[in-house]
Amino acid sequence: MKKINPLVALTGAALALPAIAADQPTSAKLSFLSSTYHEKDIKNSTILSGAGKRYDIEKNQFRLVTPLGENWSGDLYVSQEAMSGASPWGTFDGADDESSLIMSGATIRDKRTQVNLSGRKYNEDSSYGFTLTRSKEDDYSAKGFGVSGEWDLNNKLSTVSAGFSFSDDEIKPVDALKFGRIEKGKKQTRSFAAGWTQIINQNSILFTGISHTVKQGLLSDPYKLRDTRPSKKAEWTLSFKYRQYFENRNAALHADYRLYNDDFGVTSHTAGIAWKKSIGDKLKIAPRFRYYSQSEADFYAFGDNYSLAKTEAQSSDHRLSGFGSTTTGVQISYELGKWSMKMSFDRYSSKNSLGHAESEKEHPALLDFTLWSAGFDLEI
Amino acid sequence: MKLLIIKLCFVASFFTSGCSSVEPWERGNLAKPEMQISGDAVDDLLLEQVFYSKEAASGGIGAAGGGCGCN
């Protein structure tokens, strides 16, 4: 049997491809990834009540992508996760910096299953896709759909993409009567996205994208002791993704940036960089670094204020405070025939002082976590 | 803010629309897996959900996911 030069095969594939738009897969691919997520415990000295043991999550992901006929592809994604640990319920802003956090007990346990089913039709200069999503936890369920399109322009040097997605979510907090929580809440999310991908030269491409998301309904956290957020939120993002190939290094540089703004008053910057290096034909190593920073929401306060009416917006959620974070990680993959074994490790650290607009006082619930993953891809 | 984002998009489009022509047979490097705009979809979905549950900002990443009660 004639041996195919991989470079020739790749160039041939490139000829047949839209430059950068999604292309119909030529064979089926099965992917599996198993992950362990561990949050660092909270210092006991900062806890007024509750447990300091935070979340541990075990997650398994499964994905099957396959060509369907001449012009279609199908994509089935299933994930399952089991989580346990304690989460912050509120904060007390006392004179002393310590002992301000009110945590739940360490008995929170939940399971989540998510299924996404997608289809895509490929034409010579365009493709159109749809996605149906379903997610279910003990206290939370979500149903959604999305549609998207991609169009090649300018001799396939440019690709325009656009998409819309909708999600209908429902929460039924556990122990609602016992703790005086709302019994049921609904949230709807509509999101529009558009992008432009441009080949700059033989070794570099740039994606520029915008998105606009509107969330409506229960946006407050019903598990917190005092958390009242507006019932509508509009979000905007502007993203850049740049890819540069270095032939002499046999590696690709990924540089990403996202600007985010919402009408809760949060502005954030996210920058990511990765160096995807091939060593020989089989081994790939990709160290990566991500920096994130956000300003606090207009109604964020370090401590819960019980003198405010319940209808007035306030939240002491650390995720609405001004802070920054870094994530450092590496992904390694090794090809064995039709198999590609992969593993990754990421370490996340968040601090008030890392942010571009830090809050006056560091929230004690800001967290650090580690994430280990291992899995495989199999060409079928 | 909205105006700023729209203006930045126009600026980005302006700079990228004047790029040199790259013939199809010169796109071998661009077709490599490590040069794709979207990376490993399973890995992307995992990281997107993790960050979504820890930070206020979300979206603009590219991978689609179902809603969760984590934020």
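Helix 1 (2-17) and helix 2 (41-52) of chain B each supply at least two residues of the side of chain B that touches chain A. Helix 2 of chain B gives the largest share of that side, 10 residues. Helices (H or I, at least four residues) and strands (E, at least two) are DSSP runs, numbered from the N terminus.

This is a predicted model, in which local features need pLDDT of at least 70, side-chain atom pairs count only at pLDDT 80 or more, and totals for chains, interfaces and linings use all residues. Residues are numbered from 1 along each chain as its sequence is written, chains are lettered from A and ligands numbered from 1 in the order in which they are written, and side-chain values use heavy atoms, with hydrogens and water left out.

The contact (heavy atoms within 4.5 Å) takes 56 residues from chain B and 88 residues from chain A. The two chains bury about 6,100 Å² between them, 61% of it on carbon and sulfur atoms; buried area is the accessible area (1.4 Å probe) that two parts lose on being put together, summed over both. B:Glu34, B:Ile37 and B:Lys54 supply 12% of the area that chain B buries against chain A, more than any other three residues.

Five salt bridges are counted between the chains, each a side-chain nitrogen of Lys or Arg within 4 Å of a carboxyl oxygen of Asp or Glu. One of them joins B:Asp43 to A:Arg288, with the closest N and O atoms 2.8 Å apart.

B:Phe51 forms one aromatic cluster with A:Tyr37, A:Tyr348 and A:Phe369. Rings of Phe, Tyr and Trp (its six-membered ring) pair if their centres lie within 6.5 Å; planes under 30 degrees apart count as stacked, over 60 as edge-to-face and the rest as tilted. The table lists two charges over rings, with NZ of Lys or CZ of Arg within 6 Å of the ring centre and within 35 degrees of the ring normal.

| Charged residue | Ring | Distance from ring centre |
|---|---|---|
| A:Arg290 | B:Phe51 | 3.6 Å |
| A:Lys361 | A:Phe302 | 4.5 Å |
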